[in-house]
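Colleague: Put the structure up, please, and let's go through it together.

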Amino acid sequence: MKGISAIAFIIVMVLAANPIAAQQQQDSESSMLPEIDPQDIEIRSQFEARFPGLRRQPILGFDPNPRVYQIDPNRTPFMETHEQVVANLPVSQLSRPEPPAYMAFPYSSPKNVFSRLGFGSYVSPEAEFWGVKRLSNKSYIGGDFDYSSSDGHLDNENSSFRFFDANAEYATKLSEKSQLAVNGGVKTSFNNMFDLPTTTIPADARKEYNGINLGTEFRHFKNTVTGWKADANIRYYNIDLNNAGSLTGKSEERVYNLSLAKRWAGGNTDETFTVKAGAKGGNYENTIAQDSWFTAQGGVVYERLFNYATNVKIDASVYFAQNSFDDQIYLGPEVTVEHPLMDILTLKVTAGANPYVKTLEQRHSENRFLTVNNTLRHTYRMYGKGEASIEYTDQGEFNFGFQYEDMSDYPIFLRSNNGPFGNQGYEYYEMQYRDAYKVSAYASVVHQIIPEKFQINGKVYLRSPKLKDGGRIPYEEKIGVNSGVTVQPFDGITFEAWADYVGSRRTFQTNEKLDSFILLGGQADVQITERFGAYIKLVNILSQDYEVWQGYNERPFQAYGGVTVKL
């Protein structure tokens, strides 16, 4: 095994001790316009606001659905008193308070800084940080970063990688009704590509990623209902594929987003109207294309709680989408109805449609073995889903649901075959667009057997990802299971274990598939003093030999250990 540079590791430790970062603004497939959040500026509750799934092993090239739990909705904005918060609540919320949401067991009591520094087998350092500093009773500055790397686990090829993502945010209250926030972030990563012995591509091909984002948000609210919100941001992302023969190249992307929304109360109890408009666009350059795309949206949202029970939300939006392939106007409606049938059962039905573009940054984050010469176009998605939630006890909740999606120009991953006839010469991945549909169902449960001490959770999902011209969507499984157990016998001591199962997946070739796999892991956190703790993490305990993306064998069993620091 090759040794990692001592200088690089020292830099990681320095970053952990002197961080500047914050929450990263996430792209949304369903809408480019954010919902108006009536909450005032707030201090997020410890590090889980940025790192809800720290216990998971980062899998190269894999974008799993992390086990994310909702942050406490009852948290109090630090710029308002309890009396001010209650005075602004709608009457319906005062008479029918929401039940408390499930909270993940904390590793430590809330502080201004939480960081985790560790080291694993295969020379794999990791560092995670979350911190916030209140500058006054009207402003704060916060930050986070996430670092992981490895010298490689494969003996016969170079499999080293590094992922680093840092973000920072400053927010201030300009007046009793106005708030301003400014955020920014950087990314820098690399991974070595897997070997292609049947091709002429060299064995040391490598991809490098660099990005930066800047954004700002302004809110002006008379109360928690009436007000308006505007935001703008810009993102730059660069991908370099080096030493890859004819596939060597570079791709650059710039994405711009501007949105405005205004909301006001209606004449009935818990009735609101929202008018929103915005635009999102980008341009990209690579060897085969120098193109751009653009999406404009305008719409009205109506929301009302009928009879203090049935919540109805209607979004009537219209989109204009333009790319190098076509220009088109799309209808983007969405209707959501949520109704409690009894004290423990709530039903929710949603139907809608919208166009969206997955950026190059998003696509390369999903598949690290994607080549750089790709084009972008809009996907139009129509969907319908029904969900049921059963709160059978104060400590347990069971959910199940069904969903149907119909997608035009859905992006999929394929591998090209440049070998001679009868001799497969698969290269790296490329992106194509096909019409597809998905039918899915799921069931999940969260139950605290002993409140705040012993909890179990699990989810099973079934789906049928199909291409309309025949066959399954490549690299998407039909069945999966996520499960976990958390035990906190004493304050400051937490044990976790998890098991995830991913079913077999078809590749882009007929009658070819990737085997199913199961990943077992566990972690123990111990708070030794008020400020310092230690942890041990075991991942892929069964040392499964599996592939997320065909051609690359993921990491076998790994053991991590390190310290936690809070200030």
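**Loops, a hairpin and confidence**

Colleague: How exposed is Asn243?
Modeller: Asn243 is partly exposed, at a relative accessible area of 43%. Partly exposed is the range between buried (under 20% relative accessible area) and exposed (over 50%), using a 1.4 Å probe and protein chains only. Keep in mind that this is a predicted model: local features need pLDDT of at least 70, side-chain atom pairs count only at pLDDT 80 or more, and totals for chains, interfaces and linings use all residues. Residues are numbered from 1 along each chain as its sequence is written, and side-chain values use heavy atoms, with hydrogens and water left out.

Colleague: Where is the place of Asn243?
Modeller: Asn243 sits in the loop between strand E7 (227-242) and strand E8 (249-265). Helices (H or I, at least four residues) and strands (E, at least two) are DSSP runs, numbered from the N terminus. The phi of Asn243 is near 55 degrees, a positive value in a residue other than glycine.

Colleague: Switching topic: how do E11 and E12 run, and how many bridges join them?
Modeller: Strand E11 (residues 310-322) and strand E12 (residues 327-331) run antiparallel, joined by five bridges. For two strands to pair, DSSP has to find at least two bridges between them. E11 and E12 form a hairpin, with four residues between them.

Colleague: Which residue in E12 stands opposite Val318?
Modeller: Leu331.

Colleague: What is the mean pLDDT of the protein?
Modeller: The mean is 82, and 79% of the residues reach 70 or more. pLDDT is the predictor's confidence in each residue, from 0 to 100. Over residues 1-104 pLDDT stays under 50, and the model has 241 contacts (heavy atoms within 4.5 Å) beyond four places in sequence for them. Residues 419-423 are below 50 too, with two contacts beyond near neighbours in sequence.

Colleague: And overall, how many helices and strands are there?
Modeller: Four helices and 25 strands. Of the 567 residues, 46% count as buried. Among contacts between residues at least 6 apart in sequence, 62% join residues at least 24 apart.
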